[in-house]
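Hi everyone, thanks for making time.

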Amino acid sequence: MTNPSTLTTISGVTLYEHPEFGDEFPCLVKVGGNFYDTSFYDPDEGDMEYVVEMIQEIKAGEGGHEPINFNQA
């Protein structure tokens, strides 16, 4: 498996590209060693409030966010 590529950092959050599907898959964030789908294909600074909330939910074990399994994505 190839690791996700770093795309950019917006509002202090680094976004990654899926290693197999590239820009045909939503951007990813890395939390606690796992990657998660942000639901955004081309997020801008206005979208980052949602992404930051999502990261906080993941860290708290809330929201039902599942890490990406690159072997099944």
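Let me start with a question: where is the place of S11? The answer is the loop between strand 1 and strand 2. When I say strand or helix, I mean DSSP runs, numbered from the N terminus: helices are H or I with at least four residues, and strands are E with at least two.

Quick housekeeping. This is a predicted model, where local features need pLDDT of at least 70 and side-chain atom pairs count only at pLDDT 80 or more, while totals for chains, interfaces and linings use all residues. Residues are numbered from 1 along each chain as its sequence is written, and side-chain values use heavy atoms, with hydrogens and water left out.

Okay, back to S11. Its phi is near 50°, which is a positive value in a residue other than glycine. S11 is partly exposed, at 46% relative accessible area; on this scale buried means under 20%, exposed means over 50%, and partly exposed is in between, using a 1.4 Å probe and protein chains only.

S11 sits in the turn of a hairpin made by strand 1 and strand 2, with 2 residues between them. Strand 1 (residues 5-10) and strand 2 (residues 13-17) pair in the antiparallel sense over 5 bridges, and pairing here requires that DSSP finds at least two bridges between the strands. One example: T8 has L15 in strand 2 as its bridge partner.

There's another hairpin, formed by strand 3 and strand 4, also with 2 residues between the strands. In that one G32 takes a positive phi near 60°.

A nonpolar core here is a set of buried Ala, Val, Leu, Ile, Met, Phe, Trp, Tyr and Cys residues joined through side-chain atoms within 4.5 Å. The largest one has 12 residues, including I10, V13, V29, Y36 and V51. Strand 2, strand 3 and helix 1 each give at least two residues to this core, and the largest share, 5 residues, comes from helix 1. Take V51: leaving aside neighbours within four places in sequence, V51 is in contact with V13, V29, T38 and F40, where contact means heavy atoms within 4.5 Å. There's also a second, separate core of 6 residues, with Y16, F25, L28 and F35 among them.

On to the rings. How many aromatic pairs does a search of the whole structure find? It finds 4. Rings of Phe, Tyr and Trp (its six-membered ring) pair if their centres lie within 6.5 Å; planes under 30 degrees apart are stacked, over 60 edge-to-face, and the rest tilted. F40 and Y50 have ring centres 5.6 Å apart and planes at 70°, so that pair is edge-to-face. This pair links distant parts of the chain, 10 residues apart: F40 is in the loop between strand 4 and helix 1, and Y50 is in helix 1. Elsewhere, ring pairs join Y16, F35 and F70 into a cluster.

Last stop: is H18 buried or exposed? H18 counts as buried because its relative accessibility is 2%. H18 lies in the loop between strand 2 and strand 3, and its side chain reaches the backbone nitrogen of F21 at 3.2 Å.

That's my tour, thanks!

Terms used
Polar contact = N/O pair within 3.5 Å; in protein donor to acceptor, adjacent residues only side chain to side chain.
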